[in-house]
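Reader: I would like to learn how to read the pockets of a protein structure, and then one of its helices. Could you take me through them slowly?

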Amino acid sequence: MTTPGRLIDQHNRPLGVLRLSLTARCNLSCPYCQPDGGEDSRLSLHQRLQLIRACCELGLTTLRLTGGEPLLAPELDELLQTIQQGRNSRHDPLHHLQEVALTTNGTLLDGCRAEQLKQAGLDRITISLDGATGASVSRMAGLQGGERHGEQLLQRVLQGIAAAKAAGFHAESGAIKINSVIQRGRNDDQLLPLAELARQQNVELRLIEYMDVGNRNGWSAAEVVPASELLSQLQQRWPLEPLGRPQHGTASRWRYRDGAGHVAAVASISQPFCGDCNRLRITAEGMAYTCLFAEQGHDLRPFLAPDSSTYELQDALKAIWQQRTDRYSEERDQRQGEIRQPAEMAYLGG
Ligand code: SAM
Ligand code: SF4
């Protein structure tokens, strides 16, 4: 096995993270995301492993599995187990992986599933939850059944967090996080209740600004609650100490001064972090996107065909990364008025 060379794009950004979507399907329909359930052909387990290994040869150190809802993907456990074996072998490119994480809506995360994921080598799990009441959860998850169904979903997600803890994902060391999208007029009243819930759970809450990914959610800037506003509300209730945003990270972090853990904000609209973005996204069908806000992907399937070589796949990925110039979030203001057809969030995987 060779040591990966430093692969950089046109803005000197290295490849470091692969967000691999396992399916575009989801069992929820959050209005800010709007999955359509459509999926032509998903890559095989073998093809996904080919992709991850090829990226590892090019500098990848973090793999995040996502979707749609990744717990709906039948091959998830086998994928994780094979990755775990590869990470333990010095002769496998997977050996370069320092972290394997998963983002889930938590609805299917019972004790047994959490245990399986832990045993299969998953390091970290992020669970999305956008409200602390039945009514808000129902609204944000697009449930038809109103408050009662929202309360049931909330309880399932809380059980999922408990199951993850019991399985050995240690919240205090950051192995469990909660993602919350805060949308003005829809769940901004949930900021303090969500923070309270996360503090009680000893889990880091990551507040995400509502993003203009895709076309179906009818995004408007007026519905974005900037991270500065979120933080100032939190600060009034619980004093915070800023910790900054780690290089290549998406989240700026704060420490609660009373010792109740950490809170973070992903301010990709109000404070874009394109300058050191090291993330490549690959959809469940094998389309590579170098930006969350991109309109065009690159089809990798020809390089995953049985008669294609590892080198051809690596060369294709290398060329995609080396030609990368995108920094959409930093250019948003200048590009106002453009008619765009960006890819949808549930397809890209976030
Ligand atoms: N289904 C899983 C889940 O919900 O965690 C994984 C996929 S989901 C697309 C990944 C993350 O993207 C979730 O935390 C979700 O809240 C976030 N997300 C989806 N649409 C968004 C939007 N328009 N703006 C900001 N975050 C969004
Ligand atoms: Fe499904 Fe996640 Fe999108 Fe919600 S955010 S609809 S849970 S993919």
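Author: Let us begin with the second largest pocket, whose lining divides into four nonpolar, six polar and five charged residues. Here Ala, Val, Leu, Ile, Met, Phe, Trp, Tyr, Cys and Pro count as nonpolar, Asp, Glu, Lys and Arg as charged, and the others, Gly among them, as polar. This is a predicted model, in which local features need pLDDT of at least 70, side-chain atom pairs count only at pLDDT 80 or more, and totals for chains, interfaces and linings use all residues. Residues are numbered from 1 along each chain as its sequence is written, chains are lettered from A and ligands numbered from 1 in the order in which they are written, and side-chain values use heavy atoms, with hydrogens and water left out.

Reader: How is the lining of the largest pocket divided by class?

Author: That lining has three nonpolar, seven polar and nine charged residues.

Reader: Which residues are around ligand 2?

Author: A residue counts as near a molecule if one of its heavy atoms lies within 4 Å of it. Around ligand 2 these are Cys26, Leu28, Ser29, Cys30, Cys33, Pro35, Gly68 and Asn105, a shell of five nonpolar, three polar and no charged residues.

Reader: Why is helix H4 largely enclosed by the rest of the structure?

Author: Buried means under 20% relative accessible area (1.4 Å probe, protein chains only), and helices are DSSP runs of H or I with at least four residues, numbered from the N terminus. Helix H4 (residues 134-141) is largely enclosed because six of its eight residues are buried, namely Gly134, Ser136, Val137, Ser138, Met140 and Ala141. Just after H4, Gly142 takes a positive phi of about 70°.

How values were computed
Buried means under 20% relative accessible area, exposed over 50%, partly exposed in between (1.4 Å probe, protein chains only). Helices (H or I, at least four residues) and strands (E, at least two) are DSSP runs, numbered from the N terminus.
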